Amino acid sequence: MSSREKILATCTANKPALVDLPQLSDEHLTHYDDKIAQFKFVLESIGGKVVALENIEQVKEEIATHKQSGELVVDTVFSIDDALKTQTSFDLERVDRAYLQATLGVAENGSVWLYEAQMGNRLLPFICQHLFIVLAKATLVDNMYQAYQKLNITETGFGVFIAGPSKTADIEQSLVIGAHGARSLTVYLV
Amino acid sequence: MSNLKTLDHAAAAEIFIKDEARTDWHDDTLWFVRQKRDKAVNGIAEWEQLREWASQIKNHTLSNLDNYLTAFEKQAEANGIKIHWAADALEHNQLMHKILKAHNISRIVKSKSMLTEECHLNDYLKKQGIEVVDTDLGERIVQLRDEAPSHIVLPAIHLKKQDVSETFHEHLHTEEGNNDPQYLTEAARQHLRDHFIQSELAITGVNFAIAETGGFVVCTNEGNADMGAHTAKIHVACMGIEKIIPKAEHLGVFLRLLARSATGQPITTYSSHFQKPRPGQEMHIIIVDNGRTKQLGRADFRNSLKCIRCAACFNTCPVYRRSGGHSYHTAVAGPIGSILNPNLDMKANADLPFASTLCGSCSNVCPVKIDIHEQLWKWRQVIVEEGYVKPEKKIAMKGMAWIFSNPKIYRWAGKSGRWFLRTMPFLGNNKLNVWYKQREMPEAPKQSFHDWYQQNKNK
């Protein structure tokens, strides 16, 4: 018998009698009167920045300014360069700033969801030095239950919730921002 | 890893607590994490509802595990992921070695996976001449020191920043005596970036595997799992069979519980959902049993398989906090480890269920409602029954049981005990009495409650 067959057969023999799966619902969960305020409060408490914008043109101008000053900026908000897909870690590790569009934000925990299609390259949101996310206010949901109702995680090959910059407290529980991923995270609410 | 004979928990803890200041610091540091957890939990009105759902989802999954495993396998294969099955730790390590050899790989990065610690993968590969670079900061620190992680979420929690500074000075050539965590973390970032961008194969753990979609979720704060997995040409994810959950919507329960219970964060920085390999990438999943199906068959202990490895039970445990993770001599320490490890090797881990006060705090904080302290108590009975306790403990326990079940003898023993403690305290306060260690024997009252009640009940 192969290990697969052995494991499955022992599971079948040893599992208890079938019990029901609970029915989840949004009814018992916290909803926020002001989702924007809650999202901002939580994200700032975990080291992220939240900036409300009048219009998205401001982001465009910011990207242009930083490109001019010689920084390596990758933008997938306004246009995705096809070459990005095939770039390797050696190319991307030089990226100073990455600008990405998120699908939705979660008020309860300050996270944003990104599909692979929005990243252009899976590695980009992690390997860039500074990460900037554009998020439509209207996409904010209260909690993770609502988030999964809206998302289809099988839509692309990879997707991620990001909540704040990369961090660690592995040395004596001292919080340090900028472990292996982005050193900062800014969310532009439009 | 040290080749010294493994000490039992009590003996190792005795060495740990010799440094009183450090023991207090360890205790306080973990209690600080427990307090962060409390603050996060109290901010969620529906916490108990989430715990109940999580517990029920896991109970349901375990009761249908065979079907969910095959559903997951089918879906994952349809997504282009290669599935392997390992009956035990050795087979897991051999499968990994086979993948490495087939591609002639030498640059390997690994993010935190308690399963690979349980299987002693690094040691196994080292013997084959293959070096794995651990990339979680805490894990990298202990790896450079040739130690094992002492905590499943905070691997280097037993170390002070001076220790880390010395280790980094030796291995990464950081400034001598610079103990600044910011500086040390930056040094590790630069050191590990080199490894990430050159990595050929990335090993990660799995936090949740979704039967419905054939995908899996990996949670980190540092971003190290993603840095490796999205760079390397080959990604191998290792999971125990109990990591399965039925549907994607269930993540909406577990992701709310996991980070709050672990570190008091609302969610980990990165909750990465792997669905398919990226174009040109190879993705493997090794599904490991290693005693889990056996535990599934133990009615008293099967619900330990609900564990999501948050370590809340570690941080709250008065024994863990004051004895340190290494005293548990196993990959998963703490209260949950003490009910998982006797299943793997009852004789070698017979001491662990006794490393508890049975205060029940572990069960109260558990986000998936595992009755941890009750299982510890049940393991003690199994272990005594199977004859795996030291003779002196067995004799003492049998004697106590006999005394407690005979009222007359109990009263006589109490009376003579009190008389001895009052008139000849040295009989109790000496090194032969293990209860005297770190304790003063109590001052004995002249009269028992029973005698007092007999005298006073009619007044």
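1. A word on the model first: it is predicted, so local features need pLDDT of at least 70 and side-chain atom pairs count only at pLDDT 80 or more, while totals for chains, interfaces and linings use all residues. Residues are numbered from 1 along each chain as its sequence is written, with chains lettered from A and ligands numbered from 1 in the order in which they are written.

2. Have a look at where the chains touch: 62 residues of chain A are in contact with 76 residues of chain B (C-beta atoms, placed from the backbone, within 7 Å). On the chain A side, the elements giving two or more residues include α1 (3–14), α7 (144–150) and β8 (158–162). The largest share, nine residues, comes from α1(A). Helices (H or I, at least four residues) and strands (E, at least two) are DSSP runs, numbered from the N terminus.

3. What is this side of chain A made of? Its residues divide into 30 nonpolar, 22 polar and ten charged. Here Ala, Val, Leu, Ile, Met, Phe, Trp, Tyr, Cys and Pro count as nonpolar, Asp, Glu, Lys and Arg as charged, and the others, Gly among them, as polar.

4. Strands also pair across the chains (at least two DSSP bridges between them): β8(A) runs antiparallel to β9 (residues 270–274) of chain B, with five bridges. There, A:F161 has B:S271 as its bridge partner.

5. Within chain B, strand β10 (residues 282–288) is largely enclosed by the rest of the structure, because six of its seven residues are buried (20 or more other C-beta atoms within 10 Å of a residue's own, C-beta atoms being placed from the backbone). It pairs in the parallel sense with β1(B) over five bridges, and seven bridges join it to β7(B), also parallel. In β10(B), B:H284 is the bridge partner of B:K82 and stands opposite B:V236.

Technical notes:
Two residues are in contact if their C-beta atoms, placed from the backbone, lie within 7 Å. A residue is buried if 20 or more other C-beta atoms lie within 10 Å of its own, exposed if 12 or fewer, and partly exposed in between; C-beta atoms are placed from the backbone.
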